[in-house]
Amino acid sequence: MFDLSAQAQSEAHDQMRALTRCQIAGALSAASSARVLAAIEAVPRWTLVTRLGGRHLDLDAAAMAQLPAAQRAEFDLRVQADAAKGFQYLYETYPLYDKFHGGVLAAEAPVLAELFAALNSPAFLDPMRHLLDAPEISFADAQLTRYREGHFLTTHDDGVDGKNRVAAFVLTLSEGWQGEWGGVLEFQTRDGLVADCFVPRGNTLSLFKVPQPHEVTPVAAGVAAHRVSVTGWLRTGRDPGPEAGVR
């Protein structure tokens with residue numbers, strides 16, 4: 001599935017050493033990118049995730065889209081109120097890692113199961129080990145994420161005790177995304193200043209070391225397009241998924 005040329009790897013390695021982040025265009029072969037996009041269109045159920053009152057929530061995205069306007073407006077106000085207090089997010093997800101290791105992904109979305117397996121194959125992990133100068137990377141976890149109008153992810157650094165994350169990756173698949181629409185991966189200094197921005201590009205892999213402050217800027221009002229990506233982390237140590245049988 002992956003089509004990482006030697007030249008692209010060399011250029012990305014130089015960027016990573018200089019900036020601790022890089023982008024690689026054309027990460028998937030053209031045929032694979034088309035197959036994955038088609039499979040994403042057929043995902044049976046998306047989950048809307050957010051926090052309310054400091055507690056993570058998993059909500060049925062289709063059901064939330066059918067809420068009466070007044071009820072949805074009240075929900076959005078509560079989400080924004082929590083965002084004013086600290087870390088907050090609102091976007092849709094489909095858990096590739098959990099479904100793969102739970103034994104249901106191959107039946108539910110076989111192309112996405114193939115993609116997840118490719119993320120954990122030498123064809124992907126070996127170039128990542130080289131780019132990051134991190135031979136200790138042992139596996140990748142991943143999920144689909146979909147940002148729609150009003151969705152966002154506030155500043156955080158991906159550093160979580162016990163997760164052993166070396167780097168984060170975002171394989172964006174949306175074609176024709178415009179920077180003014182929002183949904184931009186924005187990197188920040190420790191002082192909160194904007195250090196760099198990655199505008200979503202079709203079939204482009206964004207990679208950055210952990211920890212590193214960043215956010216996904218809000219998708220602007222009136223944007224009908226969806227920012228669709230495969231997101232996850234490159235991790236060290238034993239992969240707990242196969243033993244846990246997570247779903």
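How many cavities of 30 Å³ or more does the count come to?

A: The count comes to one cavity of 30 Å³ or more. The model is predicted: local features need pLDDT of at least 70, side-chain atom pairs count only at pLDDT 80 or more, and totals for chains, interfaces and linings use all residues. Residues are numbered from 1 along each chain as its sequence is written, and side-chain values use heavy atoms, with hydrogens and water left out.

On a 1 Å grid over the protein atoms alone, a cavity is a set of points where a 1.4 Å probe fits but cannot get out; a pocket is an open set with protein on both sides within 12 Å along at least five of seven lines; lining residues have an atom within 4 Å of a point. Volume is the space filled by probe spheres set on the points, with grid points joined across faces, edges and corners.

The largest cavity has a volume of about 40 Å³. Its lining is made up of Gln 23, Val 170, Thr 172, Leu 185, Phe 198, Val 199, Pro 200, Arg 201, Ser 206 and Arg 227. Five of these lining residues are nonpolar, three polar and two charged. (Nonpolar covers Ala, Val, Leu, Ile, Met, Phe, Trp, Tyr, Cys and Pro; charged covers Asp, Glu, Lys and Arg; the others, Gly among them, are polar.)

Now the open space. The largest pocket holds about 1,100 Å³. Its lining has 40 residues, and the closest to its centre are Tyr 91, Gln 143, Arg 165, Thr 231 and Trp 233. By class, that lining splits into 20 nonpolar, 10 polar and 10 charged residues.

The second largest pocket has a volume of about 300 Å³. It is lined by 17 residues, and those closest to its centre are Arg 72, Glu 92, Arg 148, Glu 149 and His 151. Eight of the lining residues are nonpolar, four polar and five charged. Helix 4 gives the most, with four residues. (Helices, H or I with at least four residues, and strands, E with at least two, are DSSP runs numbered from the N terminus.)

Thr 93 is part of strand 4. Its relative accessibility is 8%, so Thr 93 counts as buried. (Buried is under 20% relative accessible area, exposed over 50%, partly exposed in between, with a 1.4 Å probe and protein chains only.) Leaving out residues up to four places away in sequence, Thr 93 touches Trp 46, Thr 47, Val 49, Gln 143, Leu 144 and Thr 145, where contact means heavy atoms within 4.5 Å.

Glu 92 brings in the charges. Its side chain and that of Arg 146 meet in a salt bridge at 2.7 Å, N to O. Glu 92 lies in strand 4 and Arg 146 in strand 5, so the pair ties together parts that are 54 residues apart in sequence. Glu 92 is buried at 3% relative accessibility. Arg 146 is also buried, at 15%. Salt bridges with shared partners join Glu 92, Arg 146 and Arg 148 into one network. (A salt bridge is a side-chain nitrogen of Lys or Arg within 4 Å of a carboxyl oxygen of Asp or Glu.)

The structure holds 11 salt bridges. Another one pairs Asp 133 with Arg 17 at 3.1 Å, N to O. Asp 133 sits in the loop between helix 8 (122–131) and strand 5 (137–147), and Arg 17 in helix 1 (residues 6–19), so parts 116 residues apart in sequence are tied together. Asp 133 is partly exposed at 40%, whereas Arg 17 is exposed at 59%.

A further salt bridge joins the side chains of Glu 114 and Arg 35 at 3.0 Å, N to O. Glu 114 belongs to helix 7 (residues 110–119) and Arg 35 to helix 2 (residues 30–41), so this pair ties together parts 79 residues apart in sequence. Glu 114 is partly exposed at 37%, and Arg 35 is partly exposed at 36%. Helix 7 itself is mostly covered, with seven of its 10 residues buried. Those buried residues are Val 111, Leu 112, Ala 113, Leu 115, Phe 116, Ala 118 and Leu 119.
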